[in-house]
Structure formats: C-alpha cells, structure tokens
Amino acid sequence: MKQYEKMNQAFQSLNQKFDLPEQEQKEILLKINERMNDTKPIKKRGSFQWKYILASAATIVLLIITSIAFMTSPNKELVQEQDTNPDSGTNASTGNLTGEGVTIHITNNTTVNIDMMMVKIYQDGSMSTSQGGMNADGSAIVPGDGLDFQFLDEEIGEGDLELEVELTYPSNEEGVSSFVTPRITLSETDEGKYSLQLKGDTESNIYLLDEAIFAGITTNNTSVGIAREKIELGLTKSEVENLFWEDYKKGTSDVDNREFWRYDLDTSIGYPSSDDNYENGDIEAIKNGDIQAQVFIYWDEDNQVKNYSAIYLDQDNHHVYAYHLLSDGSEKLELVQKK
Amino acid sequence: MDQQYKKQQVNEWYHTYSNDVYHYSYFLIGDHEQAKDILQETYLRAYRKFDSFQGENVRGWLFRIARNLTIDDIRKKRPISYFLDSIPILKSTEKSPEQIAMLNESEQELYVALSKLKLSFRDVIVLRKIKEFSISETAEILGWSENKVKVNLFRGIKALRKELEKENFSHETV
C-alpha cells in the first residue's frame, strides 16, 4: 500500500513540472480570442494572411527587378522567401542560392491548385529554418508542377531532418485557405538532394511522400516480400488462414476498437515470451532477429482484409520500418527506428 | 445564447483548466509545440460546440475534445503509432526537450518510462494517476467501460514498472 502512495506522489510531482510557461499561456489565449472574434472561424486563416500579403508584395517587387530575365525565358521561375531564424522577420530572396547545401524538390501530385508552399525544417523538435515559394507570375502551382527549395549548410546542422509544408490555396467557396501537412522525417542522402511529393485529393488532407523511401516501395526483407505477394485487400479470414496457417494472435485496437490478427513471421525458438500480451509490435525482437517481421492484419465489418501493416528489419541498412497497405490500395513505408 | 457570454465562459475555462489540458496532450504526444496547438484547438472547438455542452463536467468535456484532437494529430503525423498503438511517441530518450531536462533524475526516468508505453496504457495512467479523474470520468473520456479502465490501468502500471526495471531504475517509490 505504501508503495502505491509513493508512486502516486511521484506522478503528482511529475504533473507539477510540466506547467505551460505563463507567457506562452497568455499568447495562446490571445490567439483563441482573436479566432473566436473572427466571423469566419476557419483554421489558421487569420494567422496566415500576413504571409500571403508579404509574399505577394515580394513577388511584385521581384517581378519588376527580374522582368527582363523572365521575358527571355519561357520557363517559370520561382520566388522564395526565407527565414533562417524562426524568431526573426522574413527576408525575401530569389531562389538562386548557390553552393552546396540541401535541395528539396516538392512536386504537387495532389488534385488541387496551390498558391504558395512554406517549407519548415525541424531538427531535434525545433524549427531550424523555413522557406516560402510560389510561382513568380503569381499563377497557382497546378498538379504536376513543382518547386525547388535550397538551403545553405549553415542553416541546417547535423542530425535528422524533419519537414512539413504549409500550403496556401487560392480563395474558394469551401473556405479552406491553408493547411499544414503532417511532418515527415527525410531519408538519408549523400548528395543533400531530396525529392518529395505532395499527395492527396482534398485541400484539408494533403500529405508528403519522400520519393527515396516510397518510390517503388522496396522492402528489403524476405518475409515481408512474401507477405506482400500473398496478402491482398478483401481476402477473407479463412483465405488468410490458408495462406499463413492459424498461428496468429488476435487483438483489438484500443484506439478505435478494430480487430486485428498479428502474425510473427520466421521467429526464433522460444519466441514469444510468456508475458507477450499479443497487442504490441515488438521492435526489440525485430531488431535482435528473434522475429523477421510482424504483420498486423485489420478486418472490416465483412471480415475481409481492410488494411495491413508489417514491421520489419531492413536486411540491408538494418533500420526498422513499417510497411502499410492501406484500405485505398496505396502503399506507405515509414521509418520506425534507426539501427 | 449570447456570443459574448460564450467567449467569457471559454476564457474562464481557459484560466481554470488550460494547464490541465496542456499536460494531458503533452503526456500523450511528447511535443511541446503540438501540445500547444492542441490546447488552442481544444478551446476553439469548445467555443464552436458550446451549445452541445450539457453543463455536466467541463473538465471532462475539455479532455474528451483534447483527446480526439490529439489522436487525430497522432494519426496524421505518426501513423505507425495510430495503426499499432505500440510505438513510443518520444523518438529519442537521449535528446530531452527543455522541460524534461528540468526534471530530477527519478522524475525523468518515470517520464521516459511512461512515454515508452503504448498509447492506451499511457492514456489511462495519465487520466487516473496524474490528472486524478475518477474511474467513471476516465471511462467517459476514453469511451471505455469502467471495467476496461480498471484492467488497462492495472496492465499499464505493470508495464510501467517493467520499463522502469529495464532502465535499472532503483526507484523505491515503485
């Protein structure tokens, strides 16, 4: 009993250490009140307009300066605004930075037009730099078009790069003015060049794909290769049992109560341990080779495969990945843990 | 209902519960900036949904909103955590955010162990043990039965102890 009291005290002591700083608390309340006062309470609309106005002004100025060059070139150029310090103001510059560094090409592979992209790069959880880009003639970045963003070495330090893109849309009846994509971790590259795609078919559901990871979806793992060959969406439970035997563990997702089956593929003797609760992916066992892959199959209401995920160790680079076959038939690969 | 009254109420709720809501989101997601965004969105959604609030338990209602927003955020930004409910949200225990650095050693180890638990365990532990909601309040926030809350809390605490033991945490409080 005494142990539990002490544990409860430890939790309470933890709770008291995480208060939001007073200044940040005030700032958030200010934003809430601003947005409550907005007659059209649309997500992030108010906070974004100044960027759009600033970018438009920068575009006009740069258009004048570079008009001769544009007249002689049939190719669209882009205008970028760059902010290497998140706390400072935004400096406009043309997108012709030279030298080494990092180049990120982002292609609009969505079905929507985009006015402006603001690339934000994070390292160790904090934004290290950001850069905005739009077509210099003010036209929308239409599906199929792309922009290059260049960053100098001194803007980006050592370590993993995480990236998100804030998108601004042309005014429309739906009232969606901007959207921030989910943040992704960029794959390693020797040349500092990244090629990303924006995917999605509605303005409020756009996501980034790193082509280095997603192109062709190579899963360097024999067990996952077999799973990919065999498992298709819409298979029935008995069909899956015929493919992989009945040696699965049944579970229910606590997040949304969906039923899933877990298959441990190519396990070593003695796995799983007796305290396995059958609900977790076992990253440690995957890393140390006790399991080649764990496959989680999710079922729809007709007891057919809705989607599945496989966690595995890449046999080449020894990172742990999660491969997903989603319910719409698309594939995703996600880096779970580096070696 | 008068808009001014609604705004005033939201402001009062903010002064009373904003730290609570922020803590909850932060413990679930492990990211200060994201937790701040969720805090802001929680109060805006409370304002927009003001008329649907039945006036019973404001704190629980705000937590329900914050949970929905947090899970939505996890689903979008860390799909593996959503799909499998098993991958720790905190990506690296070596690189501690500023707030974690301010914890003493045993608090830090407790926090890291907590962040290694699967989402449903972490969720129920934060609500019951850190935010001190009753079993029935916790069940309502999570949309679970009271029995499921009890079972998951038991398993969650067991898993937490195991994590602490893994770290060789000679923590006499546990």
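# A tour of chains B and A

Start in chain B by selecting helix 7 and helix 8, which are oblique to each other. Angles under 35 degrees count as roughly parallel, over 145 as roughly antiparallel, 65 to 115 as roughly perpendicular and the rest as oblique.

This is a predicted model, in which local features need pLDDT of at least 70 and side-chain atom pairs count only at pLDDT 80 or more, while totals for chains, interfaces and linings use all residues. Residues are numbered from 1 along each chain as its sequence is written, and chains are lettered from A and ligands numbered from 1 in the order in which they are written.

**Stop 1: helices 7 and 8 of chain B**

Helix 7 of chain B covers residues 119-130 and helix 8 of chain B covers residues 135-142. Helices (H or I, at least four residues) and strands (E, at least two) are DSSP runs, numbered from the N terminus. The two helices pack at an angle of about 140 degrees, and their axes are 10 Å apart. Axes are lines fitted to C-alpha atoms, for helices over the stretch in contact, and angles run from 0 to 180 degrees between N-to-C directions.

Helix 7 of chain B passes helix 8 of chain B in a right-handed crossing. A crossing is right-handed if the near helix is turned clockwise from the far one by less than a right angle, and left-handed if anticlockwise.

Show side chains for B:D123, B:V124, B:L127 and B:R128 of helix 7 of chain B, then for B:T138, B:I141 and B:L142 of helix 8 of chain B; these residues make the contact. Two residues are in contact if their C-beta atoms, placed from the backbone, lie within 7 Å. Four residues of this contact of helix 7 with helix 8 of chain B are nonpolar, one is polar and two are charged. Here Ala, Val, Leu, Ile, Met, Phe, Trp, Tyr, Cys and Pro count as nonpolar, Asp, Glu, Lys and Arg as charged, and the others, Gly among them, as polar.

**Stop 2: B:F133**

Now select B:F133, in the loop between helix 7 and helix 8 of chain B. B:F133 is buried because 23 other C-beta atoms lie within 10 Å. A residue is buried if 20 or more other C-beta atoms lie within 10 Å of its own, exposed if 12 or fewer, and partly exposed in between, with C-beta atoms placed from the backbone.

Leaving aside neighbours within four places in sequence, B:F133 is in contact with B:G60, B:L127, B:R128, B:T138 and B:I141. B:G60 is 73 residues from B:F133 in sequence, yet their C-alpha atoms are 8.3 Å apart.

**Stop 3: helix 9 of chain B**

Move on to helix 9 of chain B, residues 146-166. The axes of helix 8 and helix 9 of chain B come within 8 Å and cross at roughly 100 degrees, which means helix 8 of chain B is roughly perpendicular to helix 9 of chain B. On helix 8 of chain B the contact uses B:I135, B:S136, B:T138, B:A139 and B:L142, and on helix 9 of chain B it uses B:E146, B:V149 and B:K150. Four residues of this contact of helix 8 with helix 9 of chain B are nonpolar, two polar and two charged.

Zoom out to all of chain B: there are nine helices and zero strands. Buried residues make up 47% of its 174 residues. Among contacts in chain B between residues at least 6 apart in sequence, 65% join residues at least 24 apart.

**Stop 4**

Switch to chain A, which has eight helices and 17 strands. Of its 339 residues, 29% count as buried.

Select the open sheet of six strands, in the order 12-13-14-15-16-17, with antiparallel pairing. Two strands pair if DSSP finds at least two bridges between them. Strand 12 (249-252) and strand 17 (331-337) of chain A are the edge strands, each pairing on one side only. Direction ignored, neighbouring strands of this sheet are turned by 20 degrees against each other on average.

Next, display strand 15 (residues 305-313) and strand 16 (residues 320-325) of chain A, which run antiparallel and are joined by six bridges. A:I311 has A:A322 of strand 16 of chain A as bridge partner. Six bridges also join strand 16 to strand 17 of chain A, and A:L325 has A:E331 of strand 17 of chain A as bridge partner. Strands 16 and 17 of chain A form a hairpin with five residues between them, and A:G329 in the turn has a positive phi of about 90 degrees.

**Stop 5: A:G146**

Finish at A:G146, in strand 6 (residues 146-151) of chain A. Is A:G146 buried or partly exposed? A:G146 counts as partly exposed, because it has 17 C-beta neighbours inside 10 Å. Not counting residues up to four places away in sequence, A:G146 touches A:H105, A:I106, A:T107 and A:N108.
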